Amino acid sequence: MRQTLKSPVHSEIVIKKSRFIGCVQPVSGRSQAQSIVAELWQQHPQARHVCWALMAGGESAAVDDGEPAGTAGRPMLEVLRHQHLEGVLATVVRYFGGVKLGAGGLVRAYTDTVAQALLHAEKIELQAVVTLAFAVDYAQEGLVRRLLEQRQASLLETTHGARVRMQASVRESEAAALQQAINDATQGSVQWLEL
């Protein structure tokens with residue numbers, strides 16, 4: 001079962017005078033992750049490295065940012081993968097303390113920084129969501145809106161034309177029941193549309 005994080009969580013460790021400032025947080029994808037990393041560089045201009053790992057389906061990434069290849073980004077990504085996380089960005093800002101840690105030391109430092117943050121992170125189960133598109137008569141709009149609210153579906157778009165066209169997102173596990181409820185409430189007059 002895939003999970004994501006409810007909110008950002010920070011950690012900090014110091015190893016041989018090098019300071020590692022970590023954060024794990026939910027993100028929507030690569031572009032949001034890259035803007036967060038750019039923001040970290042602005043907040044920490046004296047830092048030597050800002051390494052990061054993104055677990056986000058086809059947009060996943062592991063960036064060593066000048067550390068020896070495979071000693072930062074990849075180990076951080078493995079921690080996220082091992083925890084079955086999705087839509088999560090792990091970042092570690094490193095202030096170099098003057099003592100080289102070696103490849104094994106770097107892997108441990110980056111892994112531990114991310115793992116420490118995850119110890120305190122609240123995880124939430126990812127729910128698959130589907131979007132339904134349909135058209136109803138004007139007289140049925142209020143009834144359908146109440147149904148969507150009762151079934152915890154999100155109304156995404158409403159267009160008023162000859163009929164009221166609506167798009168709603170709902171958990172995949174609830175989609176069939178919601179469709180049946182709308183069919184029943186409209187006495188079968190709902191028109192299901194392709195997206």
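**Reading strands, turns and domains**

Guide: At 28% relative accessibility, Asp65 is partly exposed. Buried means under 20% relative accessible area, exposed means over 50%, and partly exposed lies in between (1.4 Å probe, protein chains only).

Visitor: What kind of model is this?

Guide: This is a predicted model, where local features need pLDDT of at least 70, side-chain atom pairs count only at pLDDT 80 or more, and totals for chains, interfaces and linings use all residues. Residues are numbered from 1 along each chain as its sequence is written, and side-chain values use heavy atoms, leaving out hydrogens and water.

Visitor: Where is Asp65 found?

Guide: Start with the naming. Helices (H or I, at least four residues) and strands (E, at least two) are DSSP runs, numbered from the N terminus. Asp65 is found in the loop between β5 (61–63) and α2 (73–82).

Visitor: What is the phi of Asp65?

Guide: Most residues other than glycine have a negative phi. Asp65 is not a glycine, yet its phi is positive, about 45°. Lys16 is another non-glycine residue with a positive phi, near 45°.

Visitor: Where is Lys16, and is it buried or exposed?

Guide: Lys16 sits in the loop between β2 (9–15) and β3 (18–26). Lys16 is exposed, with a relative accessible area of 52%.

Visitor: How many bridges pair β2 with β3, and in which sense?

Guide: Two strands pair if DSSP finds at least two bridges between them. β2 and β3 have 7 bridges, in the antiparallel sense. Ser11 stands opposite Gly22 in β3. The two strands form a hairpin with 2 residues between them, and Lys16 is in the turn.

Visitor: Which order do the strands take in the open sheet of 4 strands?

Guide: The order is β9-β10-β8-β11, with antiparallel pairing. β9 (154–160) and β11 (191–193) are at the edges with a single partner strand each, so one side of each has no neighbour in the sheet. From one strand to the next, the twist averages 25°.

Visitor: How many bridges join β8 to β11?

Guide: β8 (residues 129–136) and β11 run antiparallel, joined by 3 bridges. Phe134 has Trp192 in β11 as its bridge partner.

Visitor: Which helix packs on the sheet?

Guide: Contact means heavy atoms within 4.5 Å. Axes are lines fitted to C-alpha atoms, for helices over the stretch in contact, and angles run from 0 to 180 degrees between N-to-C directions. Helix α5 (residues 172–185) packs on the sheet and touches β8, β10 (164–171) and β11. Its direction makes about 145° with that of β10.

Visitor: Which domains is the chain divided into?

Guide: Domain bounds come from an automatic or database domain assignment. Here they give domain 1 (3–125) and domain 2 (129–192). The C-alpha centres of domain 1 and domain 2 are 41 Å apart.
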